[in-house]
Amino acid sequence: MNDETTQQASRQYWDNVAPFFDDEPDHGLRNPVVLDAWTHLLRASLPYTEAAILDIGCGTGSLSAVLAGLGHQVTGIDLSPVMISIAQTKAAKQGCLQTRGSHGVVRGRGGSPPPPPQPEPEKKKKTKKKKKTKIQIAFHVQDAAALDLPPEQFDALVCRHLLWALPEPEQVLRRWAELLKPNGRLILIEGFWDSGGGLHAREISEILPPCFEVYSIHNLADHPDYWGKEVSDERYAIIADKNQRVWKPSGFAADA
Ligand SMILES: C[S@@+](CC[C@H](N)C(=O)[O-])C[C@H]1O[C@@H](n2cnc3c(N)ncnc32)[C@H](O)[C@@H]1O
């Protein structure tokens with residue numbers, strides 16, 4: 001099978017799985033305990049201020065929705081159009097689906113300096129309401145191994161349960177690193193499952209590009225709240241920073 005045939009087969013597989021994908025507790029996050037566990041993990045792993053986040057292989061967009069709920073600007077990509085369509089419906093229900101624009105990326109934080117202070121107008125005193133940024137998620141059908149996105153646009157990349165399945169994950173990680181701003185953060189949630197598939201945490205640490213420094217590795221297998229059941233295989237989150245970070249996680253449910 002050539003690359004294109006493999007990709008077609010993969011897309012077909014995930015298109016077929018998509019309508020039932022959310023039935024698993026950790027996929028649909030319908031159980032409030034499971035939702036809380038993932039929300040806590042993501043909150044603890046990310047900066048508190050509004051960040052531009054790419055959810056790679058976002059599936060039905062459950063984690064994208066959690067990230068938007070935490071106040072971040074999210075771009076979700078997935079190979080499967082059916083997954084993306086379900087993710088869009090979910091985000092629309094939450095009132096945060098971006099329907100226009102390119103990537104949903106927050107561009108440059110700098111901008112021009114603020115104007116000098118003006119004297120108070122004598123007549124009407126208007127209290128200006130602080131403009132609140134609308135949290136939005138933009139979804140795109142894309143191949144995670146060949147992302148068509150501008151470099152250094154994201155504060156963080158989140159990827160759950162996809163890297164292990166991509167051919168040449170080492171090369172893929174190098175490409176993903178380019179999408180991160182300096183000091184950006186990579187959050188990989190992976191595992192080595194009883195089925196025999198997956199990547200061990202140590203294998204990922206070994207193939208991370210040198211620009212990354214592993215900040216922490218968290219064992220998620222001992223905490224049924226993440227999965228809605230007891231699990232016995234290897235499940236973990238790796239947090240790695242591109243160059244040096246200024247912000248640090250505040251702690252995990254897993255470490256409590
Ligand atoms: C196990 S699911 C995880 C979905 C989501 N990250 C989550 O944790 O709920 C894997 C996802 O990766 C997507 N996928 C598979 N190969 C892909 C590729 N080459 N590029 C982008 N997405 C891909 C599938 O369509 C599927 O939605």
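The face of helix α5 that is turned away from its buried side carries the exposed residues Ala92 and Lys93, where a residue is called buried if 20 or more other C-beta atoms lie within 10 Å of its own, exposed if 12 or fewer do, and partly exposed in between, with C-beta atoms placed from the backbone. This is a predicted model, in which local features need pLDDT of at least 70 and side-chain atom pairs count only at pLDDT 80 or more, while totals for chains, interfaces and linings use all residues. Residues are numbered from 1 along each chain as its sequence is written. Helices (H or I, at least four residues) and strands (E, at least two) are DSSP runs, numbered from the N terminus.

**Helix α5**
- The buried residues of α5 are Met83, Ile84, Ile86, Ala87, Lys90 and Ala91; they cover an arc of only 160 degrees around the axis, which puts them on the same side of α5, the arc being that of the directions from the helix axis to the C-beta atoms.
- An α-helix has 3.6 residues a turn, so residues three or four places apart point the same way.
- The buried residues of α5 pack against α1, α4, β2 and β3 (137-141).
- Helix α5 (residues 81-93) has 13 residues, which at 1.5 Å a residue should span 18 Å, and this agrees with the 18 Å between its end C-alpha atoms; the expected span is 1.5 Å times one less than the number of residues.
- Just after α5, Gly95 takes a positive phi of about 75 degrees.

**Helix α4**
- Helix α4 is largely enclosed by the rest of the structure, because 7 of its 8 residues are buried, namely Ser62, Leu63, Ser64, Ala65, Val66, Leu67 and Ala68.
- Just after α4, Gly71 takes a positive phi of about 100 degrees.

**Strand β2**
- Ile77 is found in strand β2 (residues 73-78) and counts as buried because it has 23 C-beta neighbours inside 10 Å.
- Leaving aside neighbours within four places in sequence, Ile77 is in contact with Ile56, Cys58, His140, Gln142, Ala144 and Leu147, where contact requires that the C-beta atoms of two residues, placed from the backbone, lie within 7 Å.
- Asp78 also lies in strand β2, and it is buried, with 29 other C-beta atoms within 10 Å.
- With neighbours within four places in sequence again left aside, the contacts of Asp78 are Gly57, Cys58, Gly59, Met83, Ile84 and Val141.
- Although Asp78 and Ala144 are 66 residues apart in sequence, their C-alpha atoms are 7.1 Å apart in space.

**Around the ligand**
- Of the 19 residues around the ligand, Trp14, Gly57, Gly59, Ala144 and Arg160 come nearest, and the elements that give two or more residues to this shell are α1 (3-21) and α4 (62-69).

**The whole chain and its confidence**
- The protein chain has 7 helices and 7 strands, and 36% of its 256 residues count as buried.
- The mean pLDDT of the protein chain is 87, and 81% of its residues reach 70 or more, pLDDT being the predictor's confidence in each residue, from 0 to 100.
- Over residues 102-117 the pLDDT is below 50, although this stretch has 16 contacts in the model beyond near neighbours in sequence.
- Where pLDDT is low, the predicted coordinates should not be read in detail.

Definitions and conventions:
Near = placed C-beta within 6 Å.
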